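Please follow the walk-through below with the sequence and the model side by side. It takes individual residues and helices in turn, and then the chain as a whole.

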Amino acid sequence: MGFRSRLIFFGYPLAEILVLWGVASLIGWGWALLGLLAGFPIGLALMRNAGNSAAASVQAGPERAAELASSMAGQFAAGVLFFIPGYLTDLVGAALLLPGVRAGVGRWMARRFNQQAWYSRFPGSGDVIRGTVIIEDLRVDDPDEPDDERPPPELGR
């Protein structure tokens, strides 16, 4: 485990605890814990709204999907950050709700994850040939041969 991963693994919870202690010393422990609990429904609502937007963008078609993908991803990430208990994650999640920050994060994610992967798999985005698949059993059954002595069917055919 490298220094950076140790710093994140141990430093992040320590920073969240210190921020919680600071907020609790300002407003009281009851209100501070209630503030932590308020993040759960906010996060769930943001994630649900991002999912509904994703369903609407699938119906909108691939031409609008590229611009909607970064917005939905940013909103979903904000919901996840609100859902994680802690004031620092809530602050980063609130920053992701700002349109400029969300657009910047969307551009970063597009460069990082190759934007084509976000919207190329939507239904209707490629050539679709509708039809019926008919699978026929081409093995010839010999009625004179008993079932026990029949050779096993070949795999892959």
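At 28% relative accessibility, Phe40 counts as partly exposed, because that class lies between buried, under 20% relative accessible area, and exposed, over 50% (1.4 Å probe, protein chains only). This is a predicted model, in which local features need pLDDT of at least 70, side-chain atom pairs count only at pLDDT 80 or more, and totals for chains, interfaces and linings use all residues. Residues are numbered from 1 along each chain as its sequence is written, and side-chain values use heavy atoms, with hydrogens and water left out.

A pair of aromatic rings is described by the distance of the centres and the angle of the planes. Rings of Phe, Tyr and Trp (its six-membered ring) pair if their centres lie within 6.5 Å; planes under 30 degrees apart count as stacked, over 60 as edge-to-face and the rest as tilted. By this rule the count comes to two aromatic pairs. In one of them, the rings of Phe9 and Phe10 have centres 4.9 Å apart and planes at 85 degrees, so the pair is edge-to-face. Both Phe9 and Phe10 are exposed. Phe40 and Phe83 also form an edge-to-face pair, at 5.3 Å centre to centre and with 75 degrees between the planes. This pair links distant parts of the chain, since Phe40 is in helix α2 and Phe83 in helix α3 (residues 62-83), 43 residues apart. Phe83 is partly exposed, with a relative accessible area of 35%.

The helices named here are DSSP runs (H or I, at least four residues), as strands are (E, at least two), and they are numbered from the N terminus. The protein chain has six helices and zero strands; from the N terminus on, its elements run α-α-α-α-α-α.

Helix α1 covers residues 3-27, which is 25 residues, and reaches 35 Å from its first C-alpha to its last. That is close to the 36 Å expected at 1.5 Å a residue, where the expected span is 1.5 Å times one less than the number of residues. A kink of about 30 degrees lies in α1 at Gly11, shortly before the proline Pro13; the bend at a residue is the angle between axes fitted to the seven residues ending there and the seven starting there. The buried residues of α1 are Glu16, Leu20 and Ala24. Just after α1, Gly28 takes a positive phi of about 100 degrees.

Which residues make up the largest nonpolar core? The five are Leu20, Ala24, Ala32, Leu36 and Tyr87. Such a core is a set of buried Ala, Val, Leu, Ile, Met, Phe, Trp, Tyr and Cys residues joined through side-chain atoms within 4.5 Å.

Ala32 is found in helix α2 and is buried, with a relative accessible area of 0%. Not counting residues up to four places away in sequence, Ala32 touches Leu20, Val23, Ala24, Ile27 and Tyr87, where contact means heavy atoms within 4.5 Å. Ala32 and Trp21, 11 residues apart in sequence, are 8.6 Å apart in space, C-alpha to C-alpha. Leu36 also lies in helix α2 and is buried, at a relative accessible area of 16%. With residues up to four places away again left out, Leu36 touches Leu20, Pro85, Gly86 and Tyr87. Between Leu36 and Gly86 there are 6.2 Å from C-alpha to C-alpha, although the two are 50 residues apart in sequence.

Other residues give further points of reference. Ala54 lies in helix α2 and counts as partly exposed at 27% relative accessibility. Its C-alpha atom is separated by 7.6 Å from that of Ala69, 15 residues apart along the chain. Val105 lies in helix α5 (residues 99-113) and is partly exposed, with a relative accessible area of 26%. The C-alpha atoms of Val105 and Ser71 are separated by 9.1 Å, while the residues are 34 apart along the chain.

Totals for the chain complete the account. Buried residues make up 21% of the 157 residues in the protein chain. Among contacts between residues at least 6 apart in sequence, 62% join residues at least 24 apart. The accessible surface of the protein chain comes to about 12,000 Å², by the Shrake-Rupley method with a 1.4 Å probe. Of this surface, 64% belongs to carbon and sulfur atoms.
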